[in-house]
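Please look over the sequence and the model below before reading on.

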Amino acid sequence: MKHYSVRDLVQVALVAALYIVLTITPPLNAISYGMYQIRVSEMLNFLAFYNKKYIISVTIGCMIANLYSFGLIDVLVGGGSTLIFVSLGVLLFKKYQKDYFFNGLLNKAFVYFSVFFAISMITVAIELSFFGAPFLLTWFSTAIGEFISLLIGSIIIDKLSKRISLEQ
């Protein structure tokens, strides 16, 4: 197991806190939960492509933010899904990180991850169907919202990575 420095732990905590703030703070909280959601905070998932410690950040951030929605079930389902799918996404798509679509506008790894993570919204659809939401409509709407937020976030994080080192 990797040992983290105090600096690493502070960075993990700060990114987790940023995820929480970008999810639960009004007016963003209005679009962060339920059947129709576009979580601005999901852009932070791309930080895991630069340093795997951020998988911990977005997982913790997601779990705490989900305390404000459907409670413990959402903490477990959302947090577990985030941990599994961000880890898998980085493992599967990191090799494409230096490649781009549309003359450098969209990072290939990030686009592939966005599609993959949008499909993973099946877990949210299954969870919400237990609360009475229609499964297919919920999966479709959460997947589209996730894809939109990730695609926009991918451009922001990719441009940010050109200006500051996100690998530390």
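Helices (H or I, at least four residues) and strands (E, at least two) are taken here as DSSP runs, numbered from the N terminus. The model is predicted, so local features need pLDDT of at least 70 and side-chain atom pairs count only at pLDDT 80 or more, while totals for chains, interfaces and linings use all residues. Residues are numbered from 1 along each chain as its sequence is written, and side-chain values use heavy atoms, with hydrogens and water left out.

By the DSSP assignment, I31 lies in the loop between α1 and α2. Relative accessible area is sorted into buried (under 20%), exposed (over 50%) and partly exposed (in between), with a 1.4 Å probe and protein chains only; I31, at 38% relative accessibility, therefore counts as partly exposed. With contact taken as heavy atoms within 4.5 Å, and with neighbours within four places in sequence left aside, I31 is in contact with Y36, Q37, I38 and R39. I31 and G145 are separated by 114 residues in sequence, yet their C-alpha atoms are 9.3 Å apart in space. The loop between α1 and α2 also holds P27, which is joined to P26 by a cis peptide bond with omega of about 0 degrees.

The UniProt record, an unreviewed entry, places the feature "transmembrane region" at residues 12–33, 54–70, 76–93, 105–130 and 136–157; UniProt positions are given in the numbering used here, feature names are shortened, and annotations may be inferred rather than shown by experiment. In the model, the span of residues 12–33 is 59% helix and 0% strand, with its end C-alpha atoms 23 Å apart. The span of residues 76–93 is 100% helix and 0% strand, and its end C-alpha atoms lie 25 Å apart.

Helix α1 covers residues 6–24 and includes T23. Is T23 buried or exposed? With a relative accessible area of 0%, T23 is buried. Its side chain reaches the backbone oxygen of Y19 at 2.8 Å. Not counting residues up to four places away in sequence, T23 touches L28, N29, S32, Y33, R39, S41 and A65. R7 is also placed in helix α1, and its side chain makes a polar contact (a pair of N or O atoms within 3.5 Å; within protein, one must be able to donate a hydrogen and the other to accept it, and residues adjacent in sequence count only if both atoms are side-chain atoms) with the side chain of Q168, at 2.6 Å. R7 and Q168 are 161 residues apart in sequence, and their C-alpha atoms are 9.4 Å apart.

In helix α6 sits D158, which is buried, with a relative accessible area of 2%. Apart from neighbours within four places in sequence, D158 is in contact with Y50, Y100, N107 and F110. The loop between β1 (100–101) and β2 (106–107) contains F102, which has a positive phi of about 55 degrees although it is not a glycine. N103 lies in the loop between β1 and β2 as well and has a positive phi of about 50 degrees, again without being a glycine. F102 is exposed at 64% relative accessibility, and N103 is exposed with a relative accessible area of 86%.

The spaces come last. On a 1 Å grid over the protein atoms alone, a cavity is a set of points where a 1.4 Å probe fits but cannot get out, a pocket is an open set with protein on both sides within 12 Å along at least five of seven lines, and lining residues have an atom within 4 Å of a point. The count comes to 1 cavity of 30 Å³ or more. The largest cavity holds about 230 Å³ of space, where grid points are joined across faces, edges and corners and a volume is the space filled by probe spheres set on the points. It is lined by 23 residues, of which Q37, R39, N66, G78 and V124 lie nearest its centre.

The largest pocket holds about 220 Å³ of space. Its lining has 14 residues, with V15, L47, Y54, I164 and L166 nearest the centre. α1 gives the most to this lining, with 5 residues.
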